Amino acid sequence: MTAALALICGISTAQQSKNGWYQLFNGKDLKDWNVKIRGYDLDDNYGNTFRVKDGKLTVSYDQYTAFDEKYGHIFHKKKFSAYLLVMEYRFVGEQVKGGPGWAWRNSGAMIHGQPAATMGKDQDFPISIEVQLLGGRETGNRTTANLCTPGTNVVMNNKLITAHCIDSKSQTYRGDVWVRAEILVLGDSIIKHIVEKDTVLVYEKPQIGGGSVSGHDPALKKDGQLLSEGSISLQSESHPVEYRKVEVFDLAPYMKDRKKLAKKLAELQKRK
């Protein structure tokens with residue numbers, strides 16, 4: 001990433017509270033976010049896909065006639081490197097016409113991603129690590145907080161993982177139930193997916209590589225480069241979804257002191 005791109009990614013008006021939390025979504029508007037939908041220019045929020053309704057950040061398709069692979073993402077304007085991301089989400093309603101079968105009750109949070117301004121007009125997904133969020137069907141198991149890797153790879157058990165998606169060991173959450181998902185990110189080292197206080201997936205060394213991304217600038221895809229920071233974005237993949245909480249605790253100030261980091265992580269783990 002060039003210095004110019006880093007500057008673009010770092011611009012933000014996010015408010016930090018005294019206790020270290022950033023409220024990425026303020027419950028009122030999307031002024032701290034950029035929208036990028038496939039086939040449209042930056043901040044062209046086609047069909048009012050991303051909007052605030054009843055104090056929730058919603059992904060909606062009531063102004064679509066068909067999905068037509070209009071994969072979209074809403075990017076927070078601030079980049080982060082080490083943090084705890086907390087989301088409370090739920091799937092609602094019906095999938096828009098033309099949405100792929102795999103995208104039924106399917107969305108995600110992209111971490112360590114490229115800046116919104118560097119997305120190609122026809123790019124489908126940002127080069128990033130995806131925390132895949134899934135809703136369950138009436139029967140059968142369907143885990144959430146899975147791992148998917150558009151333009152990236154990770155390491156698990158000292159082995160480079162090149163598969164596009166890896167299932168977590170979470171429970172299945174059916175219907176319109178609210179689900180709390182947390183992602184602990186420590187730079188280019190460890191990443192943990194946590195659902196309702198249970199750690200369901202762990203990996204390390206997120207890095208650029210692999211496929212499952214198209215329409216991007218090839219110069220940005222430097223395979224093998226470790227990802228120590230980047231954007232956070234939420235997906236639109238054809239099924240309506242709502243977020244009532246999107247917040248981050250910034251752990252960057254603790255990364256140079258292992259004792260302070262361990263103490264802070266213990267405090268965060270004990271919170272209600």
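Reader: Let's start with Ala145: in which loop is its place?

Author: Ala145 sits in the loop between strand S8 (129–134) and strand S9 (146–148). Strands here are DSSP runs of E of at least two residues, helices are runs of H or I of at least four, and both are numbered from the N terminus. Do bear in mind that this is a predicted model, where local features need pLDDT of at least 70, side-chain atom pairs count only at pLDDT 80 or more, and totals for chains, interfaces and linings use all residues. Residues are numbered from 1 along each chain as its sequence is written, and side-chain values use heavy atoms, with hydrogens and water left out.

Reader: What is there to read in the phi of Ala145?

Author: The general idea is that most residues other than glycine have a negative phi. In Ala145, phi is positive, near 55°.

Reader: Is Ala145 buried or exposed?

Author: Buried means under 20% relative accessible area, exposed over 50%, and partly exposed in between, with a 1.4 Å probe and protein chains only. Ala145 has a relative accessible area of 2%, so this residue is buried.

Reader: And how does Asp68 read, buried or exposed?

Author: Asp68 also has a positive phi, near 55°, and lies in the loop between strand S4 (56–59) and strand S5 (72–76). Asp68 counts as exposed because its relative accessibility is 54%.

Reader: Which residues does His164 touch?

Author: Contact means heavy atoms within 4.5 Å. Leaving out residues up to four places away in sequence, His164 touches Leu147, Cys148, Thr149, Pro150 and Ser212. His164 belongs to the loop between strand S11 (159–161) and strand S12 (165–166), and is partly exposed at 34% relative accessibility.

Reader: With which side chain does the side chain of His164 make a polar contact?

Author: A polar contact is a pair of N or O atoms within 3.5 Å; within protein, one must be able to donate a hydrogen and the other to accept it, and residues adjacent in sequence count only if both atoms are side-chain atoms. The partner of the His164 side chain is the side chain of Ser212, at 3.3 Å.

Reader: What is the volume of the largest pocket, and which residues lie nearest its centre?

Author: The largest pocket has a volume of about 420 Å³. Of its 15 lining residues, Glu182, Leu184, Ile194, Leu265 and Gln269 lie nearest the centre. Strand S13 (179–186), strand S14 (190–195) and helix H2 (258–270) each supply at least two lining residues, and S13 gives the most, with four.

Note on methods: On a 1 Å grid over the protein atoms alone, a cavity is a set of points where a 1.4 Å probe fits but cannot get out, and a pocket is an open set with protein on both sides within 12 Å along at least five of seven lines; lining residues have an atom within 4 Å of a point. Grid points are joined across faces, edges and corners, and a volume is the space filled by probe spheres set on the points.
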